[in-house]
Amino acid sequence: MQSIIEPLGHVERELWGHQTIKLRHNLASLDLFSDDYLAKMIETAAPRSIAIHAEGGSDPSTWPSVARGEATGAQVLEAIRGGMLWLNLVGISEWDSRFAELADQIFAEFARQVPALNVVKRKVGVLISSPRATVHYHVDIPGQAIWQVRGRKRFIIYPSTQPFLKQPELEQAVRSASYGVASFQPWYDDYGVPHDLAPGDALHWQLNGPHRIENFDELSVSLTTEHWTPEIRRTYAMNYGNGLLRHYGWTPRSTATCGPAFWAKVGATALYRRSGLQNKLGYQRIARHVVDPAAPGGVSPLPESEWAPPGS
């Protein structure tokens, strides 16, 4: 089987997980990313596995959530081409066998090229977005990479330290209390590093590195991969536990990922998640619009009586 990832050099393997690494891949040669296959995936995805947002404002958490409605997969792609939309096929490797095989191959290649990378959980998704669309400043929680397959985009990455990433905001994102929102100041751009991605380029960046995205004047299709290692899981549990302390009026004093205080946070995190409070109090997507290729921006408003979270 042909390799997906071009060989990494010694320096890239040493820098993995600590600095931004640009890779090359051959995903653009696969028919998985053709209009026909993408349309099929859009039509067969369960409502909870497809997220569509219309761009609007500097806070992604306020962007309108969009239902597919009765639109075919081809009509959704038409709306994205002519509108200002972002569509994310979430965890596609969990429900499509060909993407499951692709995920297996990608992470097997990583295991051979970066032996120190101990992945214990991973997902892949597909991101389809409109020409000239943007994603404002935000942070992701797991280890991440983006693989550009069609179209071009500019990916701007900022330091994952204060003041660019404030600890309370990271904790909010970890607890799903926000949509990955991080506050932004225009002068941050003096410290952001832009990376122009064309088909065949991929980017992996430091854990929780804030970033924003600017599409060029063409439809963009990207594969996204996320992964968890034991170290990332421990960092997640620490941030989650600290977020709970802050939410209930305590100021956390430690970001240690070992010791009695850390394990107390692990326990609190597990209890909180099992209690259902995260689902009840966390960020909720409510679809107030529906895909409409003939409408300006590619969406039309839904009557209030039809507003609903995806999958309801």
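The legends below describe close-up views of aromatic rings in a predicted model.

**View 1. An edge-to-face pair formed by phenylalanine 184 and tyrosine 188.** The count of aromatic pairs in the model comes to 20. In the pair shown here, the ring centres of phenylalanine 184 and tyrosine 188 are 5.5 Å apart. Their planes meet at 85 degrees, and the pair is therefore edge-to-face, since an angle over 60 degrees is counted in this way. Phenylalanine 184 has a relative accessibility of 31% and counts as partly exposed, whereas tyrosine 188, at 2%, counts as buried.

**View 2. An edge-to-face pair formed by tyrosine 240 and tyrosine 272.** The two ring centres lie 6.1 Å apart, and the planes stand at 65 degrees, so this pair is edge-to-face. Tyrosine 240 belongs to helix H6 (residues 230-247) and tyrosine 272 to helix H7 (residues 260-275). Tyrosine 240 is buried because its relative accessibility is 0%, under the 20% limit. Tyrosine 272 is also buried, with a relative accessible area of 7%.

**View 3. An aromatic cluster that includes phenylalanine 184 and tyrosine 188.** Both residues of View 1 belong to this cluster.

**View 4. Arginine residues placed over aromatic rings.** The charged end of arginine 98 sits over the ring of tyrosine 37, at 5.2 Å from the centre of that ring. Arginine 152 lies over the face of phenylalanine 216, and the distance to the ring centre is 4.4 Å.

Note on methods
Residues are numbered from 1 along each chain as its sequence is written. This is a predicted model: local features need pLDDT of at least 70, side-chain atom pairs count only at pLDDT 80 or more; totals for chains, interfaces and linings use all residues. Side-chain values use heavy atoms; hydrogens and water are left out. Rings of Phe, Tyr and Trp (its six-membered ring) pair if their centres lie within 6.5 Å; planes under 30 degrees apart count as stacked, over 60 as edge-to-face and the rest as tilted. Buried means under 20% relative accessible area, exposed over 50%, partly exposed in between (1.4 Å probe, protein chains only). Helices (H or I, at least four residues) and strands (E, at least two) are DSSP runs, numbered from the N terminus. A charge sits over a ring if NZ of Lys or CZ of Arg is within 6 Å of the ring centre and within 35 degrees of the ring normal.
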